[in-house]
Amino acid sequence: MEAPPVSAMPVTGGAINMMEYLLQGSVFDQALESLLHRLRGLCDNMEPETFTDHELVYLLKGQQGNPFILRARRSLSHPTSPWHLRYLGQPEVGDKSRHALVRNCVDVAASHSLPDFLNEMGFRMDHEFVANGHIFRKGAMKIVVSKLSRILVPGNTDNTERLSLSYLVEQSVLAPAGQDTMSEEMRSFAEQLKPLVHLEKIDPSKQRH
């Protein structure tokens, strides 16, 4: 099954129509504590925020071309918090001078009836997963270290199975268009995490979930 790129960014407020600068990598479970220790020393928050989120990926297939994709995410740690609806545009991967992947990002808060609304609009839920982990911050940068789990029974977030023996690591910045100096700052920070994790500019269109 072809699917859009996994993005494990947790529900933390909404930024409307911004550009997302992104680097990704992974670490094996046994290297997690070493990475968290390094991040505590480098980031603004000594103790990371923790999160457990449930994400549903919806597709709307048109007459031709790729389906339109929306992501609905809710916090399992804070069930009364709003849902978030997220659209991620096609990545701008052509510019070799950029050290990070860049894509349009629209993120808005929504009510708990969001899944019903998307179904009424003709969207079909393609897949869902649970992401849990840690959030570090360094200035405008956010570093998310998360474990992804597949949901074995649709809608039952208590019945899950881990997807791999590694943690996904995502370094991102949300900024207005044209802030390309962000990618250089991200590259400099990512260098400080080597060799624990190698964060790279990954083309999501070449990923499979």
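Visitor: Which residue meets the side chain of Asp126 in a salt bridge?
Guide: In this predicted model, the side chain of Asp126 takes part in a salt bridge with an N to O distance of 3.7 Å. A salt bridge requires the nitrogen to lie within 4 Å of the carboxyl oxygen. The partner that meets Asp126 is Arg124.

Visitor: Is Asp126 buried or exposed?
Guide: The relative accessibility of Asp126 is 14%. Buried means under 20% relative accessible area. Asp126 therefore counts as buried.

Visitor: What is the relative accessible area of Arg124, the partly exposed residue?
Guide: Partly exposed residues fall between the 20% limit for buried and the 50% limit for exposed. Arg124 belongs to that class because its relative accessible area is 41%.

Visitor: How many residues apart are Arg137 and Glu49?
Guide: The side chains of Arg137 and Glu49 meet in a salt bridge at 2.8 Å, N to O. This pair links distant parts of the chain, with Arg137 in strand S6 (residues 124-138) and Glu49 in strand S2 (residues 49-60). Arg137 is partly exposed at 28% relative accessibility, and Glu49 is likewise partly exposed at 32%.

Visitor: Which strand holds Arg73, the salt-bridge partner of Asp53?
Guide: The side chains of Arg73 and Asp53 form a salt bridge of 3.3 Å, N to O. The two residues are 20 residues apart and link distant parts of the chain, with Asp53 in strand S2. Arg73 lies in residues 68-75, which form strand S3.

Visitor: Why does Asp53 count as buried?
Guide: The limit for a buried residue is under 20% relative accessible area. Asp53 is buried because its relative accessible area is 2%.

Visitor: Which residues are linked with Glu20 in a network of salt bridges?
Guide: Side chains of opposite charge can pair when their charged atoms come close. A search of the whole structure finds 13 salt bridges. In the network that includes Glu20, the linked residues are Arg86, Arg103 and Asp107.

Visitor: What distance separates the C-alpha atoms of Ser34 and Leu196?
Guide: Ser34 is found in helix H1 (residues 32-42) and is partly exposed, at 40% relative accessibility. Along the chain, Ser34 and Leu196 are 162 residues apart. Their C-alpha atoms are separated by 7.5 Å.

Methods:
Residues are numbered from 1 along each chain as its sequence is written. This is a predicted model: local features need pLDDT of at least 70, side-chain atom pairs count only at pLDDT 80 or more; totals for chains, interfaces and linings use all residues. Side-chain values use heavy atoms; hydrogens and water are left out. Helices (H or I, at least four residues) and strands (E, at least two) are DSSP runs, numbered from the N terminus. Buried means under 20% relative accessible area, exposed over 50%, partly exposed in between (1.4 Å probe, protein chains only).
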